[in-house]
Amino acid sequence: MSEVRIDKWLWAMRLFKTRSIATEACKKGRVTIGDMESGIIAKPSRTIKVGDVVNVRKSPITYSFRVKALTENRLGAKLVPDYMENITPQSQCDL
């Protein structure tokens, strides 16, 4: 698997409770791919690959994750660190 839809990946990584909620977040512009300032707004069908940086805005914090591996299947919480790395700046976490 070299690419996967962003909405499926967000759901599989347990960032959203349902795939519908992940899709809605993409449609509302809360999910970007790339760095925080100049990231590309991700439509739900946008594909991501290993190494991409995904930003998810859940007010007031914007979380950043680096994709380490791809899957379309929902994972157990203990397996999530094998598939993504949380690279959220400390300044965002202090809000």
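Phe65 is buried, with a relative accessible area of 5%. That value comes from a predicted model. Tyr63 is partly exposed instead, at 28% relative accessible area.

The model holds one aromatic pair. In this pair, the ring centres of Tyr63 and Phe65 lie 6.3 Å apart and the planes stand at 15°, so the rings count as stacked. The limit for stacking is under 30 degrees between planes.

Five strands form an open sheet in the order β3-β2-β5-β6-β7, and the pairing is antiparallel. The edges belong to β3 (40-41) and β7 (84-86); each has a single partner strand, so one side of each lacks a neighbour in the sheet. In general, strands of a sheet pair through backbone hydrogen bonds, parallel or antiparallel. Strand β6 covers residues 61-67 and pairs with β7 over three bridges, in the antiparallel sense. Arg66 has its bridge partner in β7: Glu85.

Now to helix α1, which spans residues 6-12 and contains Asp7. Is Asp7 buried or exposed? Asp7 is buried, because its relative accessibility is 1% and buried means under 20%. Leaving aside residues up to four places away in sequence, Asp7 touches Arg19, Ala22, Thr23 and Pro44.

Methods:
Residues numbered from 1 in each chain as written. Predicted model: local features only at pLDDT ≥ 70, side-chain atom pairs only at ≥ 80, totals over all residues. Heavy atoms only, no water. Phe/Tyr/Trp six-rings, centres within 6.5 Å; stacked < 30°, edge-to-face > 60°. Buried < 20%, exposed > 50% of the residue type's maximum accessible area, 1.4 Å probe, protein only. Pairing = 2+ DSSP bridges. Helix = DSSP H or I, 4+ residues; strand = E, 2+ residues; numbered from the N terminus. Contact = heavy atoms within 4.5 Å.
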